[in-house]
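Subject: Structure for you to look at

Hello,

Here is the structure I said I would pass on. Please look through it first, then read my notes below.

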Amino acid sequence: TTQTIARSYIIFVYLSLSLQVKKYLKPFLLSQEKLQEISARLKKNMIQGLGKHTHHKAPVKMLPTFVRATPDGTEKGDFLALDLGGTNFRVLYVRVMEEEQKVLKMDSQICAIPQDIMRGTGEQLFDHIAACLADFLDSQNLKGQTLPLGFTFSFPCEQIEIDKSILIHWTKGFSCSEVEGKDVVKLLRDAIHRRADYDIGSVAMVNDTVGTMMSCGYKDQSCEIGMIIGTGTNACYMEEMKNVKRVEGEDGRMCINTEWGGFGDDGSLEDIQTQFDVVVDKTSINPGIHIFEKMISGMYLGEIVRLLLVKLTEDKLLFKGKTSEALLTPGRFETRFISEIEEQDRGLKNCQNILTELGLKWDSVDVRLVRLVCDTVSIRSAHLCAAALATIVNRIRENRGLDYLKTTVGVDGTVYRKHPNFSDKLQAMVHRLAPNCSITFLVSEDGSGKGAAMVTAVAQRQALSHLLEDSDSDRKEDEEEDK
């Protein structure tokens, strides 16, 4: 029939063009051997980052968080949590209930951060945060109370204490002056004191990965890794103290914020960077910084696809060689489009709608080729994340001298949550790269909010425990003297 002939012709044209398109996509296809090689490079960088005399040169910063334990289920109390990690800022009131082993988000409020504040002065930013917190405390009738606060600040910081954290550099479009090199807890307290209408109690600084690990750790006490794959990407894990050379002490463990987004900042990923990755980096707000993140996270995936589509169109493999103003506009192809295009049932229809919205004249072959491009870019992202995660689980297993490790990864981020295939691709590759590890993936419920409260609760639990130990030790000494 005519319909069958037409369908056969479409298939023939697609197969013919896809062979040519795949030449452009080939650099995105990483073999298992290549991923193992990348994992070995990351391991080397991690060891460098943990070293007392080598960490300052390490692209993977391996920052001590001063979180010395995961939840044990006995935590309790009322807490505030602040979450700054993107264009929105959240403040939450959280209750931790030991008897029910629940973390309840009592209430929360979202405040937008305008572009002029994101790129203004540090004082403007923290005054804005303090004002949002004041409005929230008013709405909850909490201004008379002085509650402990967990502060999720999702930017690379050098943590000096649990309540002292120095911003190394801004990412995610922020460039506020007079903040890099400063203690962000002090900047927050200074802004609150300038207002003089409320106060806060003890502060625990929390990276979003740590919050993710801790919120999942309250449910599953084998959770010792936190991973974010969203606007940016990062991971943390519990490292043996004897390997954390920058901090005094040999006993126990400490959570390390890897800042793995900086992997490749020393040029170690140049062999897998495509021409499109290079353009994304050069045109970003922070060229040369966070190379690994720019290859895999939500802030950049859409732009990588857009650049590929422009190149394929210019080379007359898509849309009969005719681009559109929208396709030629940086940032116009959003990362969420990739997720929508790769949906199982509605993907092709979604792709048609998106291409129409971008002002492109498409046919059914174009739609399938665009889907192929999206699929290739998202699979590379999942596989690179898998290589990095495999590095961590293999390290934990080796650190503990185990033949086989069973562990849980707390995970969050829009790419992991929203993309229809990402989590499956990532998990399958991790199991291949870490065959002696059994890994459970637990999606975090509000790690940035509830997790921040959990870090504060665990810090309080440990402080009380140390106080009781000291008191017990003093009592025993008094008894000895009496004897």
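The notes below go from the whole chain to an annotated span and then to two residues.

This is a predicted model, in which local features need pLDDT of at least 70, side-chain atom pairs count only at pLDDT 80 or more, and totals for chains, interfaces and linings use all residues. Residues are numbered from 1 along each chain as its sequence is written, and side-chain values use heavy atoms, with hydrogens and water left out.

Whole chain

The protein chain has 15 helices and 13 strands. Helices (H or I, at least four residues) and strands (E, at least two) are DSSP runs, numbered from the N terminus. Along the principal axes, the C-alpha atoms fill a box of roughly 105 × 55 × 45 Å.

Of the 483 residues, 54% are buried. Buried means under 20% relative accessible area, exposed over 50%, and partly exposed in between (1.4 Å probe, protein chains only). The chain exposes about 21300 Å², and carbon and sulfur atoms supply 49% of that area; the areas come from the Shrake-Rupley method with a 1.4 Å probe, and for residues only the protein chains shown count as cover.

Contact means heavy atoms within 4.5 Å. Among contacts between residues at least 6 apart in sequence, 70% join residues at least 24 apart.

Annotated span

An unreviewed UniProt entry carries the annotation "domain: Hexokinase C-terminal" for residues 224–458. UniProt positions are given in the numbering used here, feature names are shortened, and annotations may be inferred rather than shown by experiment. In the model, this span is 49% helix and 14% strand, and its end C-alpha atoms lie 14 Å apart.

Two residues

V365 sits in helix α12 (residues 364–399). Is V365 buried or exposed? V365 is buried, because its relative accessible area is 6%.

T54 lies in the loop between α2 (32–50) and β1 (63–64). At 35% relative accessibility, T54 counts as partly exposed. Leaving aside neighbours within four places in sequence, T54 is in contact with I47 and Q48. R246 is 192 residues from T54 along the chain, and their C-alpha atoms are separated by 9.9 Å.

Regards
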